[in-house]
Amino acid sequence: MNLHEFQAKELLKKFNVPVQEGIACGTVHEAEDAYRQIKTQFGSPFAVVKAQIHAGGRGKGKIKENGTNGVKVGKSLDEVVDFAQKILGGTLVTLQTGPAGKVVHKILVAQDMYYDGPAERKEFYLSILLDRSKGQNVVMYSTEGGMNIEEVAHNTPEKIFKEWVHPAGGLQPFQARKIAFNLGLSGESFKNCVKFVTNLYNAYVGLDCSMLEINPLFKASDDKIVAVDCKMNLDENALMRHPDLSALRDISEEDPTEVEAGKYNLNFVKLDGNVGCMVNGAGLAMATMDMIKLSGGEPANFLDVGGTANAQTVEAGFKIILKDPAVKAILINIFGGIVRCDRVAQGVIDAYKNMGNINVPIIVRLQGTNAEEAKKLIDESGLKVQSAILLSEAADLVKKAVA
């Protein structure tokens, strides 16, 4: 589950991780009040206005309607108000959002971190995630933080350091010191960095994060180490341990069809093809998508109905798939192990009748327990549903449907 920057920073503060202070705002009026509070608290007339969306590259991204960047520094109340008006409600397009962009519903009005002149300031990069190949968490960090970190990783990979951490032992003090040393810090900033990295790792583990990225990790001129930005992903499988964190989910940032699928416990991912597929089991779903491509089509989605497919889940799957106007055919590929094929077939028939006329070809391939009975049900239903037993037969039917 992705979090907004302002949500992630509030969670980090609970683990004593220093962050750039700011106030989340949903209206221009709230932005005015936030600016006054920040100016009073920190004594600087500058404030940073940051669009809050679930995507990176906001500083380089632009609001589609007026060309304003997603992160702007306001030098006065008037400028902050102007940026808030241009960003709130606009569609921010970044490299990570794609050309469609994302609508900005909130902004963060934050303190200016360049508060004490340019001397000895530095931006670093630091992230923590799971390295599945090693079965360990890895701290990735670099002296070259900021908006161009992707270019650094591509052009000068030797500037990206990695420190692996065994999950049983946790981050060791010598590892935190090694990270601070490799970042070129010394004196008070070195000590502050060691504390920062240690507390950040505790937050990563304590919140059950799947990824935690600080970019930039900022060394101020007074040697403070501060998280200026934060991207945090939580492991959804661990949310049962954090019911309070579940409430932070922002479904407006998610694909509406994926949100709807979640209500029916369907595992759904929208793709860009023309053949909708409904399968039970992730492995079979991957094989089905490969088969669709080999037959000349492109999968329009990944949809795993699980091992308990029935009329309700099949009908829900149909409705979700058919919301995509690019779909030219639907392939249902079910292996009857836990679930009986004849029950799935009856579910397909019932769902078809409940929905009325469906204008795209439907190919149903059922194999396993009671597959023959299932084929008979489909063939004798009188509906425009084509059945198949072999995967090759289903492939031929898909090929004809998208030709």
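1. Helix H13 has five names on its buried list: Ala394, Ala395, Leu397, Val398 and Val402. Buried means under 20% relative accessible area, exposed over 50%, and partly exposed in between, with a 1.4 Å probe and protein chains only.

2. A note on the source. This is a predicted model, in which local features need pLDDT of at least 70 and side-chain atom pairs count only at pLDDT 80 or more, while totals for chains, interfaces and linings use all residues. Residues are numbered from 1 along each chain as its sequence is written, and side-chain values use heavy atoms, with hydrogens and water left out.

3. What do the buried residues of H13 pack against? The partners are strand E15 (275–279), helix H9 (282–294), strand E17 (329–336), strand E18 (362–368) and strand E19 (385–388). Contact means heavy atoms within 4.5 Å. Helices (H or I, at least four residues) and strands (E, at least two) are DSSP runs, numbered from the N terminus.

4. The length of H13 checks out. Its 12 residues (391–402) should span 16 Å at 1.5 Å a residue, and the end C-alpha atoms are 17 Å apart, which agrees. The expected span is 1.5 Å times one less than the number of residues.

5. Helices H2 (28–42) and H3 (77–87) pack at about 145 degrees, with axes 9 Å apart. H2 supplies Val28, Ala31, Glu32, Tyr35 and Arg36 to the contact; H3 supplies Leu77, Val80, Val81, Ala84 and Gln85. These residues divide into 7 nonpolar, 1 polar and 2 charged. Axes are lines fitted to C-alpha atoms, for helices over the stretch in contact, and angles run from 0 to 180 degrees between N-to-C directions. Ala, Val, Leu, Ile, Met, Phe, Trp, Tyr, Cys and Pro count as nonpolar, Asp, Glu, Lys and Arg as charged, and the others, Gly among them, as polar.

6. Asn16 has a positive phi of about 60 degrees and lies in the loop between helix H1 (5–13) and strand E1 (22–25). Asp208 has a positive phi of about 55 degrees and sits in the loop between helix H6 (187–206) and E11. Are they buried or exposed? Asn16 counts as exposed, at 59% relative accessibility. Asp208 counts as buried, at 17%.

7. Check the backbone at Pro216. A cis peptide bond joins Asn215 and Pro216, with omega about 10 degrees. Pro216 is placed in strand E11 (209–219).
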